[in-house]
Amino acid sequence: MRRFYLLSIQPTLFGGVSLIRDWGRIGTTGQTMVQTFDASAEAGEAFGRLERAKRRRGYTSAEERV
């Protein structure tokens, strides 16, 4: 099954940081989940954990596929 998973960290309007996850089948809109953190270090740790978990499941970056 062809699928995608996108992670991004973005600042919030109130001084926090959001970790945004988008996933789904390629060719569809997919789903989105937003987690908000007080510190960017916490968001970075969560980003790293999710990235390692997805790579273990077989996801690769778009640059690696070219």
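Me: Happy to look at this together! Contact here means heavy atoms within 4.5 Å. With that in mind, which residues does Arg21 touch, not counting residues up to four places away in sequence?

Reply: A quick note to start: this is a predicted model, where local features need pLDDT of at least 70, side-chain atom pairs count only at pLDDT 80 or more, and totals for chains, interfaces and linings use all residues. Residues are numbered from 1 along each chain as its sequence is written, and side-chain values use heavy atoms, with hydrogens and water left out. Arg21 sits in strand β2, residues 17–25 (strands are DSSP runs of E, at least two residues, and helices are runs of H or I, at least four, numbered from the N terminus). Leaving out those sequence neighbours, Arg21 touches Tyr5, Leu6, Leu7, Gln31, Thr32, Met33, Gln35 and Leu50.

Me: Thanks! How far from Arg21 is the nearest side chain of opposite charge?

Reply: Arg21 is buried (under 20% relative accessible area, with exposed over 50% and partly exposed in between, using a 1.4 Å probe and protein chains only). Lys and Arg count as positive and Asp and Glu as negative, while His and the chain ends are not counted. Arg21 has no salt bridge (a side-chain nitrogen of Lys or Arg within 4 Å of a carboxyl oxygen of Asp or Glu). The nearest side chain of opposite charge, Asp22, is away by 9.1 Å.

Me: And is Gly44 buried or partly exposed?

Reply: Gly44 belongs to helix α1, residues 40–56. Because its relative accessibility is 33%, Gly44 counts as partly exposed.
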